[in-house]
Amino acid sequence: MIVVAIIGLLAAIAIPNFVKARQTAQTNACINNLRIIDAAKQQWALEKGQASTATPQPADIEPYLGRSGTAMPVCPLGAAHPYNINALTAVPTCGNYDTNTHNAILSN
């Protein structure tokens, strides 16, 4: 009986930590995808001589995302939260996170 109680106590402590670690990993993956998209936008604009008001389409920046044949990254939470590329002067955003967070993180 004591062993079962100890196991239950350890599970009660560990499960919230696993949930938080998963959420942190998803947030970090999303932030990394946004940085990759932003870098691809800037590279596209530089090579194509685009104005700062231009807004690239996903097909425009796919060649600049890394290895050849790389498609647009997908949000870790799934396709229900697509990335918004936005204009060159604006940082890309995710349908899952607020813009203020993106501005603070991408400016670092």
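A salt bridge, the way I'm using it today, is a side-chain nitrogen of Lys or Arg within 4 Å of a carboxyl oxygen of Asp or Glu. By that rule, this protein has one salt bridge. I'll get to who makes it in a minute.

Quick housekeeping. What you're looking at is a predicted model, where local features need pLDDT of at least 70, side-chain atom pairs count only at pLDDT 80 or more, and totals for chains, interfaces and linings use all residues. Residues are numbered from 1 along each chain as its sequence is written, and side-chain values use heavy atoms, with hydrogens and water left out.

Okay, the overall layout. We have three helices and two strands, and along the sequence the order goes α-α-β-β-α. Of the 108 residues, 25% are buried. For burial, I mean under 20% relative accessible area; exposed is over 50%, and partly exposed is in between, with a 1.4 Å probe and protein chains only. The accessible surface is about 7100 Å², and carbon and sulfur atoms hold 60% of that. Those areas come from the Shrake-Rupley method with a 1.4 Å probe, and for residues, only the protein chains shown count as cover.

Then there are contacts, meaning heavy atoms within 4.5 Å. Take the contacts with a separation of 6 or more: 56% of them join residues 24 or more positions apart.

So what sits in the middle of things? The largest nonpolar core has 15 residues, and Cys30, Ile37, Trp44, Ile61, Met72 and Tyr83 are the ones with the most contacts inside it. Helix H1, residues 2-48, gives the most to this core, with six residues. A nonpolar core, by the way, is a set of buried Ala, Val, Leu, Ile, Met, Phe, Trp, Tyr and Cys residues joined through side-chain atoms within 4.5 Å.

Let me zoom in on Ile61. Ile61 belongs to helix H2, residues 58-61, and is buried because its relative accessibility is 0%. Skip the neighbours within four places in sequence, and Ile61 still contacts Ile37, Ala40, Lys41, Trp44, Pro56, Met72 and Ile85. Look at Ala40 in that list: Ala40 and Ile61 are 21 residues apart along the chain, yet their C-alpha atoms are separated by 5.6 Å. Ala40 is in helix H1 and also counts as buried, at 1% relative accessibility. Again leaving out anything within four places, Ala40 is in contact with Ile61, Tyr64 and Leu65.

Which side chains make it? Lys41 and Asp38, at 3.9 Å, N to O. The two are three residues apart in helix H1, so about one helical turn separates them. Are they buried or exposed? Both Lys41 and Asp38 are buried. Asp38 also touches Ala90, Val91 and Pro92, not counting residues up to four places away.

A disulfide is a covalent bond between the sulfur atoms of two cysteines. My cut-off is a pair of cysteine sulfur atoms within 2.5 Å, and on that basis the structure holds zero disulfides. Cys30 is buried at 1% relative accessibility, and Cys94 is buried at 3%.

Two last stops. In the loop between strand E1 (83-84) and strand E2 (93-94) you'll find Asn86. Asn86 has a phi near 65°, a positive value in a residue other than glycine, and is partly exposed with a relative accessible area of 26%.

And on the outside, Ile2, Ile6 and Leu10 form a nonpolar surface patch with about 320 Å² of accessible area together. Patches use residues with over 30% relative accessible area and no salt bridge, joining like charges within 9 Å and nonpolar side chains (Val, Leu, Ile, Met, Phe, Trp, Tyr) within 5 Å. Ile6 sits in helix H1 and is partly exposed, at 46% relative accessibility.

Definitions and conventions
Helix = DSSP H or I, 4+ residues; strand = E, 2+ residues; numbered from the N terminus.
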